[in-house]
Amino acid sequence: MNEYNKFLHGLFIKSNGMLGGEIVNQLVYNFGVTKMNARKILQRAVEAGLFKSSAPLTFGKGQFLYYSFSNKLTLEKIIEASENTRPPLYRLLRLLIINGGISSYFEALKITASPSVKNSSKINHVKEIISPLVDLGFLIEKMDEIGNLYILLKINSNGGDDENLYMQLIKKHYNDIRIDALFVADISRWIFDLGLSNFRGFYRSTSKPTFGVEHNNLFWDAYSYSNIRGFTGDFNNQPENNEKQTFIPIDVVISREYSKIDLDAFLSRINVHINSTKTNKRKALAVIVFVKISKHAYSAARKLGFLTISLEKIYGNNILKLIDSISNSTIDIEEKQSERISKALNEINNNGLNDQLKAVRGALFEALMNIVLSKIYSSSIIIPGYILKDSKITREYDLLIDSIRPEEILLVELKGYAGNSYINLGDSQKKGTLKYFFKSSVPLAQREYVSNRFLDNSNIKALFITTGDYHSESKDFINQMNKSKFKPSKLPSTILNGNELIDFLIKEGFKHEAKVIKKFYVDFKAEN
């Protein structure tokens, strides 16, 4: 063993593992060699089998973690080595541990501040971060039954039912992130009502909680823009477009404590956004909404000038009780699920939050109808928040029911509104209207399924339900649609209002669901 290898051997006796840069610096200091020669010395030692490296996993500037054959590469070593050398990798691994060994792909994109499309060699995409850890056996990727992708710490249970454990983790985590997504739309509306933003903004869908909103090649829980910039006395120089307006990114974590890694990832994404122009930096007013937040994260966020808002400050002290009621009420199809939904709606009503939590109420109505439709269409696959797109448009369906008996694709639009609300006839471009669904969303599905699955147009069915009613201008169109081939085989009409829905539910034996919908939706009158 030459003098260099003896020296390296001594280093590893004192350490469980060292980064390549540290070892090179030690060789330069102790032997006076150049950095280039020091790297060659280290490389030859590895090739001679004296030490092992973390290849293909690197830790900034292409350096590996080295360790002796008497040790092994562990997740703890990777986390320790990556904290200062590869912050995105560190944040992802810490998130996985915080979440009990799982992260949705959207959360991974957020926590690593990954772009939607890689456009710089300096920024790693989350796939590049994950890949070597999958190769080394630390991580595994899994999809749930409706196609959502998750990243999990690999389980080594020595012959146990690992697949079942993964599915249990996925099921629980989907429920957790759905709690986060449930409040995002109403939080965005609250920020707009305060006058902080110019419009309601864009936000995560309650029916697709594993997806975020993309803006400027990055992913967010929600965002908007504002003209607010402080008083200057210059009334003739108001910002006219997004380039001049203040960007309002919103970070929401409800199901767990908001931690320092969340803040660091949020700041990283904001920095990419505000530095994305060649001239002046963009301006940003960052908003963090939480139930719990660590002291370190709170202090750092305040120093950065971020708005830190507790959900309790928005909706009152009983919001935690409401979250507990909502938990587990939106996913599983089981006997007591509708009772838990009823309890959550009752909490919202008793605390006077019906108007403030419209999106949450809407999501609970969707969950209730999911129960009903899954029993009516028992031989089917039901996918919430299904997205279809072609070269021109993208459309999201509250539910897509792929039925075997009868063979049909049922597209479902659900509006859990107050009883005194009205749906407009609209047109193919106006969201939330009848024609937007029947003249734009449904034709897109017809093109997709008829071409790809050799279905006849008559196999594509549509269902539009509101717990309110429809404007009188819609009468002829409703009659036309109810007589069309869109009518589902197992429902009385293709378009139902609140009272018609209740009559149908009672007739089919869903008396409890009918009672809940009548009390909290049809009989509820929203403030004008």
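Asparagine 217 sits in the loop between strand 8 and strand 9. This is a predicted model, where local features need pLDDT of at least 70 and side-chain atom pairs count only at pLDDT 80 or more, while totals for chains, interfaces and linings use all residues. Residues are numbered from 1 along each chain as its sequence is written, and side-chain values use heavy atoms, with hydrogens and water left out.

**View A. Asparagine 217 has a positive phi, near 70°, though not a glycine.** Its relative accessibility is 18%, so asparagine 217 counts as buried (buried is under 20% relative accessible area, exposed over 50%, partly exposed in between, with a 1.4 Å probe and protein chains only). Strands here are DSSP runs of E, at least two residues, and helices are runs of H or I, at least four residues, numbered from the N terminus.

**View B. Asparagine 216 also shows a positive phi, near 55°.** Look for it in the loop between strand 8 (213-215) and strand 9 (218-220). Asparagine 216 comes out as partly exposed because its relative accessibility is 30%. As a reminder, most residues other than glycine have a negative phi, and most peptide bonds are trans.

**View C. Alanine 55 and proline 56 are joined by a cis peptide bond.** Omega is about 10° for this bond. Proline 56 belongs to the loop that runs between strand 2 (51-53) and strand 3 (65-68).

**View D. Arginine 405 and proline 406 are joined by a cis peptide bond too.** Here omega is about 0°. You'll find proline 406 in the loop between strand 16 (394-403) and strand 17 (408-415).
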